[in-house]
Amino acid sequence: MQKIDAAKNLFKRLAKQALAPPPDLTVSEWADKHRRLSRESSAEAGQWRTDRAPYQREIMNVINDAFVEDIVIMASAQVGKSEILLNALGYFIDFDPSPILLIQPTEQKAKDFSKERIAPMIRDTPVLKERIGDAKTRDSSNTVMFKSFPGGFIALGGANAPSGLAARPIRILLADEIDRYPVSAGTEGDPLDLAEKRTNNFYNRKKLKVSTPTIKGVSRIEKEFELSTKEYYNLPCPRCGEYQPLTWGQIDFETESHRCKFCGYLSSEFEWKTQEGKWIATAESSIRGFHLNELLSPWRRWGEVITSFLRAKKKGTEALKVWTNTSLGEPWEEEGQKIDDDSLFGRREDYEADVPDGVKILTAAVDVQDDRFEIEVVGWGIGRESWGIEYHIIHGDLKQERIWNELDDYLKKTWAKKDGKQFAIACTCIDSGGHFTQEVYRFTKDKLARMVYAIKGASAQKGEYVPLIAGTTKTKVLKTLLVSLGVNDGKSRVMSSLNVEDFGPNYCHFPVGRGYEKIYFKSLTAEKLETRYEKGIPYQQWVKIRARNEAFDLRVYNTAAIEILNPNFDKEYTMTTKPKKKRKRRGVR
């Protein structure tokens, strides 16, 4: 009886809320009044306060502007862009019920976002908890990917899954991390375009597109931002009062201060951030576009940003690219993903021993051809500086057991430093994508203790980002471990390292002899990165400029091997010291 009465009371409250005119609240006011931050996602759990990051207020409130349909946020990390999405979501659930679609780059990321961000927000925000049932019940209206509430619903989808993008009409589109979307959702076309078409039935539609940028000229969010008002958050100089955005070029490393571009005066982070700022548009458009970088963030000190830049600079191009995207919120401009084979051949060195002094650990990679194995052994040191140890080819009939035994013997070899320390191969990646897939599985099945892994390129749609270590599975028949690789990510890493010109982090050393002849360097530089277009959408693709590219592939596989190991480079991994498997971190078991 009590349960029935409670249910009646709930329906009465919902009916009253549905009939009553909504109070006059903006998104930021709603968040300040109702939103609770969850411990799972915030170090500052409890009541939301827009004043903590005041630059967010205008971005949230423009959602309430009846004359604005499209809103674009091109932003770094650590500025609260996900919280803006969540506040918008909470506002529409509670205050302006509507059909809502929230898209993540993949279905798995959509599930993760639902479980890790949306579910805790609903649980900890009372007005939302009242409207959405408990996901632990058998209520089909509340699942991980779909949640209904009086007057609307939230559907979550992945940009890689066309079925979730072309179903029911929606009024509110929340598109997150759009730079990670593939060029096409299967064969259906641009996933963002598919999702936007679903809003056509609503005159009061809203489309919020958010992302950290990636590559200049390819970045979706850059393209959207360029079509917008291109607004920057300006703060007045504490000295002269002139308004200006906080820019990296004005940061003084020594004093951790920002120099005014008008009066030249250096003011501290605290002095700048306590000023009352305003958004200033640099273009005319019906699309409101906002740019945010880490220098504005209340959760990130300028000293930390400077330190992260210096570390990225030491690590090389790939790390600087990530820093530019995630700290400055700016797209990275490639300087050319191609390198001359003659220049690499000309910088070969005479090693003092089989294993140079800077090496801490060895990896190996095997490319399986129809009539041979091509193998490269690579030494790695601090900052992932690398030394080619040996490039070796084993010819033979791969249908015969003898050549597989010969490969096994080679992978058991040791190499010595000048002081006599012996190094064995700590991890080996063997390509299983050719004509001898089952033979590779059989070869690796009983060698997992030696960290000898079968690998294959992960399936990906055009333009879709896949990390180097994309995941692991058990093969169906032989039940051995198969590691999936994001080959494009690996190729970009290798090319960035090859472009490093100074000894140190990420520099690639090559010896005289040992298989590193002219043909090797032609094979190592046999591909280049090109920007291509599909239905007007740019994406990047590696294309061959020479037929033989085994050396390039092998360096990618070696990069994957060191990624799997993730060793502590403060110590040497000799025959008596083996690296521990880091199962959880890299997903390799």
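**Figure 1. A hairpin in the predicted model.** Strand 16 is joined to strand 17 by a hairpin of three residues. This view, like those that follow, is taken from a predicted model. Strand 17 covers residues 372-380 and runs antiparallel to strand 16, with eight bridges between the two.

**Figure 2. Strand 16 and its parallel partner.** Strand 16 also pairs with strand 20 (residues 422-431), in the parallel sense and over five bridges. Within this pairing, Leu362 stands opposite Ile425 of strand 20.

Figure 3. Strand 16 spans residues 361-368, and eight of its eight residues are buried, so the strand is largely enclosed by the rest of the structure. Ile361, Thr363, Ala365 and Asp367 point one way from the strand, while Leu362, Ala364, Val366 and Val368 point the other way. The residues of both sets are buried.

**Figure 4. The buried face of helix 13.** Helix 13 is formed by residues 401-411, and its buried residues include Ile403, Trp404, Leu407, Asp408, Tyr410 and Leu411. Viewed down the helix axis, the buried residues of helix 13 fall within an arc of 160°, so they line one face of the helix. An α-helix has 3.6 residues a turn, so residues three or four places apart point the same way. The buried residues of helix 13 pack against strand 16, strand 17 and strand 20, and also against strand 18 (386-395), strand 19 (414-416) and helix 14 (437-445).

Figure 5. The largest nonpolar core contains 68 residues, and Leu89, Trp248 and Leu292 have the most contacts inside it. Helix 4 (residues 81-94) gives the most to this core, contributing eight residues.

**Figure 6. The contacts of Trp248.** Leaving aside residues up to four places away in sequence, Trp248 touches Phe253, Leu295, Val305, Ile306, Phe309, Trp323 and Leu328. Trp248 belongs to the largest nonpolar core.

**Figure 7. Confidence along the chain.** The average pLDDT of the chain is 88, and 91% of the residues score at least 70. Over residues 14-21 the pLDDT is below 50, and this stretch has three contacts in the model beyond near neighbours in sequence. The pLDDT also stays under 50 over residues 582-587, a stretch for which the model has 10 contacts beyond four places in sequence.

Note on methods:
Residues are numbered from 1 along each chain as its sequence is written. This is a predicted model: local features need pLDDT of at least 70, side-chain atom pairs count only at pLDDT 80 or more; totals for chains, interfaces and linings use all residues. Side-chain values use heavy atoms; hydrogens and water are left out. pLDDT is the predictor's confidence in each residue, from 0 to 100. Contact means heavy atoms within 4.5 Å. Buried means under 20% relative accessible area, exposed over 50%, partly exposed in between (1.4 Å probe, protein chains only). Helices (H or I, at least four residues) and strands (E, at least two) are DSSP runs, numbered from the N terminus. Two strands pair if DSSP finds at least two bridges between them. A nonpolar core is a set of buried Ala, Val, Leu, Ile, Met, Phe, Trp, Tyr and Cys residues joined through side-chain atoms within 4.5 Å. The arc is that of the directions from the helix axis to the C-beta atoms.
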